[in-house]
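Keep the structure open beside you as you read.

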Amino acid sequence: MAESVRQLGALMRKEFLLEWRQRYALNGMLLYIVGAVFVCYLSFSARRGLLTPIVWNTLFWIILLFTAINAIAKSFVQERAGRLLYYYTLASPQQIILSKILYNTVLMLALAGLGFIVYASVLGNPVQDVGLYVLSLVLGAIGFAVSLTLIAGIASKAENSATLMAVLSFPIVLPLLLMLLRVSKNAIDGLDRSVSWDEIGIVLAIDAIVLVLSWMLFPFLWRS
Amino acid sequence: MKNSWWKILAVAILTYTVFWGVLGNVPRQPILNESIRNVYFHVPLWFGMTTLLLTSAVFSIRYLRSGLADHDRIAVEFANTGIVFGLLGCATGSMWANFTWGEPWPNDPKLNGAAVAMLLYFAYLILRGSFDDEQRRARISAVYNIFAFAVFVPLIFILPRLTDSLHPGNGGNPAFGQYDMNSQMRMVFYPAVIGFTLLGVWITELRVRLSRIRAVIEE
């Protein structure tokens, strides 16, 4: 047990080091979300407070969804096939997928946090219950990372993987996205938190299902 | 002949369904009126689709365990038939909705869930199309198929029950079984479910045999 935790730590450290050494990819993602937010801001004629809360919320989650798909799509293509093969001789596939998921969660948390700050500062912030909204962002980051990492693995095996990544992930992410939209809408309206427990429970349940499936299915994926 | 009893059964049941579905007595319900007969066709198609997709996922699991190309072939053909059933279910549902809810595609979570489920399985077919190597294709699409089915279940069965839906049995609406269907209707409805599922299995069986023959010819 302690051994596998240590291995997981080493794999995580590798992911962070890799990202740090190829900073252009990370900076690219940060710029992507800031740029997307700014495009939306200018497209709505650069006026604050113009958007209704529903549009405000939906727009933000869609920006976040596209950023997530782009950010996570590269998790298996950054390294060459030979190097991936080398990792598989060192660690078990379960540890590799788990380290990728954890790393992507941290990445998504950073992107969602930055996105929210920029978005709220340029387009105004109608959120009444910021605590709950941040919780929904955290749940969203975890959910996107968990459900998209395996899809990224699948898409990276095929040619034309960028289109495939989007096509495969839209329907998979949709139930999660709908629940998150509902929680975050409750947060914007400042509804009592007890209203949102159901949705939060479902998000966690979907995350758990997808996590267990990734854990079980990834060993079959990497062998090919 | 010995193994084709279930095909005869499917034909018999479906003939019975069509006849008694059209001619049999149905309770007079407000709004629904005669369109309630669609329950013999629309609902069994969805039941059939779910069964076919479940079988497809089971064969994908078996493929991952065994590595036999035949299991993959069966899995994809079950998914194909499931998609056809889903499209037919959408078409019959659309007609029904046009008469009872006033528009062919009302904004209803169950309809949208079904549409997303179709996207999910179209994506599965596109994924299959993007590989040249057969073993690779089989393995990776099996992984996606299992994943897709795990998402399909909450999409169709759990999410619509949490929100307001026009469908019976969802969002606090009573299900059909509770008081819309009388025992006479049930005598048609339950056989119809079995009949359509058998028909789906039959179509799948034919397609699997066709694809086996093609594989042999190519060799």
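**Starting with the cysteines**

Cys90(B) counts as buried because its relative accessibility is 16%; buried means under 20% relative accessible area, exposed over 50%, and partly exposed in between, using a 1.4 Å probe and protein chains only. Cys40(A) is buried too, at 15%. How many disulfides does the structure hold over all chains? It holds 0, where a disulfide is a pair of cysteine sulfur atoms within 2.5 Å.

A word on the ground rules: this is a predicted model, in which local features need pLDDT of at least 70 and side-chain atom pairs count only at pLDDT 80 or more, while totals for chains, interfaces and linings use all residues. Residues are numbered from 1 along each chain as its sequence is written, chains are lettered from A and ligands numbered from 1 in the order in which they are written, and side-chain values use heavy atoms, with hydrogens and water left out.

Now look at chain A, where Asn57(A) sits in helix 3, residues 53-73. Helices (H or I, at least four residues) are DSSP runs numbered from the N terminus, as are strands (E, at least two). Asn57(A) has 2% relative accessibility, so this residue counts as buried. Beyond its neighbours within four places in sequence, Asn57(A) is in contact (heavy atoms within 4.5 Å) with Tyr133(A), Leu181(A), Ser184(A), Lys185(A) and Ile188(A).

Finally, turn to chain B. An unreviewed UniProt entry annotates "transmembrane region" at stretches including residues 76-99 and 183-204 of chain B; such annotations may be inferred rather than shown by experiment, feature names are shortened, and positions follow the numbering used here. Residues 76-99 of chain B are 100% helix and 0% strand, with end C-alpha atoms 35 Å apart. Residues 183-204 of chain B are also 100% helix and 0% strand, and their end C-alpha atoms lie 32 Å apart.
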